[in-house]
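Reader: Before we go through the chains, could you show me the sequence and the structure, and say how the terms are meant as they come up?

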Amino acid sequence: MSLDDWQLVVGLEVHAELATNTKIFCGCANSFGDEPNTNVCPVCLGLPGSLPVLNRSAVEFAARLGMALECTVQPSVFHRKNYFYPDMPKDYQVSQYDLPINADGTLELPDGSVVGIERAHLEEDTGKTTHMGGGGRIHDAAYSLVDYNRAGVPLVEIVSRPDIRTPEQAQAYATELRAILAATGVSDAKMEEGSMRVDANVSMHKPGEPYGTRCEIKNLNSVRSLGRAIRYEMERQVQLLESGERIVQETRHWDEDAGRTRPGRSKEQAEDYRYFQEPDLVPVAPDDEWLASIRAAMPMLPAARRTRLAAQTGGDVDVALVVERGLDDLVLEAIAAGGDPGRLLVHASNNLSAGAGELSARPFAELSKLEATGALTATQAKTVLAELVTAGGDPAAIAATRGFEAMGDDALAAAVDAAIAADPEAWEKFKAGDRKVTGFFVGLVMKTTKGKADGKAVTALLDARAQS
Amino acid sequence: MTTAQQIADAVRAGERSASEVLEEHLAVIDEREGDVHAFNLVMRDEARAAAVAVDAGDRTGALAGVPVALKDNLCTRGIPTTCSSRILEGWRPPYDATVVARLAAAGAVFVGKTNLDEFAMGSSTENSAFGPTRNPHDLDRVPGGSSGGSAAAVAAGFAPLALGSDTGGSIRQPAALCGVVGLKPTYGLVSRYGLVAFASSLDQIGPFAATVADAALLLEVIAGHDPLDSTSLDRPLPPLVSGLGDGVEGLRVGVLTELVHAEGIAPDVRRRVEAAAEALADAGAKVDEASVPAASFGLSAYYLIAPAEASSNLARYDGVRYGLRVDAENTAEMNAATRTAGFGPEVKRRIMLGTYALSAGYYDAYYGKAQQVRTLIIRDFAAAYDSFDVLLCPTSPTTAFRLGDKTADPMSMYLNDVCTIPSNLAGDPAISVPFGAGDDGLPVGVQLLGPALSEATLLRTAAVLEGALQ
Amino acid sequence: MAARITTDDVAHVARLARLELTDEELVLYTEQLAGILAHADDVASLDTAGVPATAHPLPLQNVLRDDVVRPSIDRDEVLAAAPAVEDRRFRVPAILGEAP
Ligand SMILES: [Mg+2]
Ligand SMILES: [Zn+2]
């Protein structure tokens, strides 16, 4: 079997819960992790006689996302998608069908590739079912319990075109979409909590031939699982195809522990959802003024942030990470305050996590200057930075308190020579070319100089001594 | 008979107590309810407490002390609301319908929940899980439906006012058969919040009363914008009661040809419509023949649209959250066992019909087509209203028929609604007002139709007909 | 004019609607639905080319609610109405298939 003969085609369907205060059609709190069946009312329980009223924020969030994805934001109507399921209180889902609020967009990935967006429509979430007995899995469960707190939480379903060609591209798409959802405030987009859920439609075909039959992969709880599941599915499908079998169109579930997908519902008999326009709701047609106000509230998107940061730092790979962590504004402010762009970017990508704590732009800039002028070594700077994050303060003062005056060349040389003398056996190994002992010597020097030495300078001196 | 207005005035003036009024009505109920079976539930205790509160001055308003009967598809907090279906037997809603809340705020005293065809599907109130209601004018005959219990309650003097719901004629047809006034308001005028849905784009709540003035009084209380109903109109309602005596001088009245000559209109009913036209002409109206060609297709379009919406609206009765459950091995089988045991044959028929009309391969031929016909009906009515202020036609093709007469053949039952359905499809208001009797001596109602929000015109026209009889 | 409805069609819609029919009911309902649909054939055969569909009698749009939390209803009252409850949740028998 050779995967090289086959072309992967992936389209992704992403459901994201909108970060509204209330549910899409009622005033119940949209809140994760509450006591079961506490955020419920006649509307979201589908009680007889209840009627939905659309949440303005849900529309605005959806439109904001549509704009971020370069979609046409258009007049839309709600339909009912009819099927029985116990987590769905009305036994129909209110969703959008032929007239979604957002259509025809694009998502540009950090590598420059572009994935088409077919639509991004509004719909309501279902309740949450817990399967009891049989190890908690639906197929073996003795019975199930339903909590309707999540029923009626607003969702936006983002359907990509089948433009994705590699597992890595699928992962990059999910990562970028998550970043956009978070940056726009539309969703907290946490895959672990289920506020962002990714389904992948995967098929394989030979280049030049029509697309193959696709399988829909569900239960992908992380970007990592998405990549693993697609890779697994590629192998599985190619194996079948090369042995002359056909792919059955079906839903498959990713089993993270077993590292494989398992068959679910067959889609051979297409469900008959009997879509029809929801008569209890009226169309939504945002006018120009409303759309303009939504556009005006649009924050800067990750792609633009990356471009901006790259332009000011000359960075490349690190830039995406820094933007993802939300540290680009801090870095740019520090540059504006005279900081060293290269050192700032290195710290933001290697030594800071998503929250920069007590660190503010001016001390950050000062720190990078001390480092650039050689007043502090990289190791010392890292120590000072850690303290700035936890407690704030003045970098120079912190360095002074810790005795981090720059080490003179003579003192460093003396420390290196002392280390060599301390373990002649190790030094013979080093001289013989065993670089594994480098770390031992550097550590020794760090210890005797109390971290004042610059690791790189120590290595250079060791090399020089070995040559001579 | 004492009217609601007279009761309200007397209670307000302190001439009569609400409790005294209530006991009089409860006495009538005690006497005849066993025969008529207008109610699924008589709310004696709650009504007595409400009347006491009125007498204590704790409850005031336009209807303080007036007994009102509620169709049993209107949600009443803590009070069983069954829709005359086994599937909801014993269910107590945790909330009040908006109309119920408005009536309560106006001081009304609820005497009971009235019988109906299950989920409002029917034209005779025979499709009730709790047995049929009988026509107070002749106990062998049906009261019409689906709001037969409400119509019978007013006709029998159990309450001067009642609420019904009208999806294809379910207020007007029983009003006609029971000899009372029944009005279906403009779609969106009265909030549907808390009305258990049959067909959402057609359902409207409206009043029953013995007199036109009382119907106007009740409508004024229940009408108005409700933020809980997205399809509620946000427009001020023109006053209804104050203009009732304004007459019809110069009013352009069209006798609606297609419906006067529709399939199955009995000659005695047609003669009453002609008499009504004469009465209006005598009162100064300009009467002429009017045509709404697409109205002929109303029945067919309705029996695709209403069941389609119903098939979806009634999916929620699945045995999971409330109401009946029939246990089974798995959830899908439990859903099916519950629904099979809980729904009666007419409801099942319509659910299947609607499911079919929406299903893949048939949508365009049936549901989609019916929606286009709905457009034609709206257009044709709009054109007629260029020339006429009010249209006149029968309400029901015949007077009240005998119990069991039309239960075997669904189509014969459906034909009862041929004259009432077009207004529901158009979303326009219509009123049925008693206008004499048929050859069998039973009441005949004539129907007045008007454009959206013409309730005031319809009511004052009906008042002229009411006056012409006396 | 659409093809006449068959017992297979009725069995299919009954399945979709979660209704069980006996063999006798299947035949009876098929006859009755055929009768109703035959009456609807006047609509099905009408030329409506170019006529827009009306889903709703009101020309309303943009009816919206402010995103403000309103009190939910009492859980005990909600659960008291349920046929079966366990651990503050609605209990249902085994679910055979996953949601579509
Ligand atoms: Mg979806
Ligand atoms: Zn709610």
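Author: A residue is called buried when its relative accessible area is under 20%, exposed when over 50%, and partly exposed in between, using a 1.4 Å probe and protein chains only. This is a predicted model, in which local features need pLDDT of at least 70 and side-chain atom pairs count only at pLDDT 80 or more, while totals for chains, interfaces and linings use all residues. Residues are numbered from 1 along each chain as its sequence is written, chains are lettered from A and ligands numbered from 1 in the order in which they are written, and side-chain values use heavy atoms, with hydrogens and water left out.

Reader: Is A:Asn37 buried or exposed?
Author: A:Asn37 lies in the loop between strand 1 (7–17) and strand 2 (54–55) of chain A, where helices (H or I, at least four residues) and strands (E, at least two) are DSSP runs numbered from the N terminus. Its phi is near 55°, a positive value in a residue other than glycine. Most residues other than glycine have a negative phi. With a relative accessible area of 0%, A:Asn37 is therefore classed as buried.

Reader: What is the relative accessibility of A:Asp91?
Author: A:Asp91 sits in the loop between strand 4 (78–82) and strand 5 (92–96) of chain A, and it has a positive phi of about 60° although it is not a glycine. A:Asp91 counts as buried because its relative accessibility is 1%.

Reader: What share of the residues in chain A is buried?
Author: Chain A has 15 helices and 15 strands, and its C-alpha trace spans about 85 × 60 × 50 Å along the principal axes. Taking contact to mean heavy atoms within 4.5 Å, residues 24 or more positions apart account for 67% of the contacts in chain A with a separation of 6 or more. Of the 468 residues in chain A, the buried share is 54%.

Reader: Which side chain is in polar contact with that of A:Lys218?
Author: A:Lys218 is in strand 12 (residues 215–220) of chain A and counts as buried at 16% relative accessibility. Leaving out residues up to four places away in sequence, A:Lys218 touches A:Asp199, A:Thr251, A:Arg252, A:His253, A:Trp254 and C:Pro100. A polar contact is a pair of N or O atoms within 3.5 Å; within protein, one must be able to donate a hydrogen and the other to accept it, and residues adjacent in sequence count only if both atoms are side-chain atoms. At 3.3 Å, the partner is A:Asp199.

Reader: Which residues in chain C and chain B form the salt bridge between these chains?
Author: The contact takes 52 residues from chain C and 67 residues from chain B, and 20 residue pairs are in polar contact (both at pLDDT 80 or more). A salt bridge is a side-chain nitrogen of Lys or Arg within 4 Å of a carboxyl oxygen of Asp or Glu, and the rule finds 1 across this interface. With their closest N and O atoms 2.9 Å apart, the partners are C:Glu77 and B:Arg77.

Reader: Which helix of chain C gives the most to the side that touches chain B?
Author: Helix 1 (7–16), helix 2 (23–44), helix 3 (75–80) and strand 3 (89–93) of chain C each supply at least two residues of that side. With 12 residues, the element that gives the most is helix 2 of chain C.
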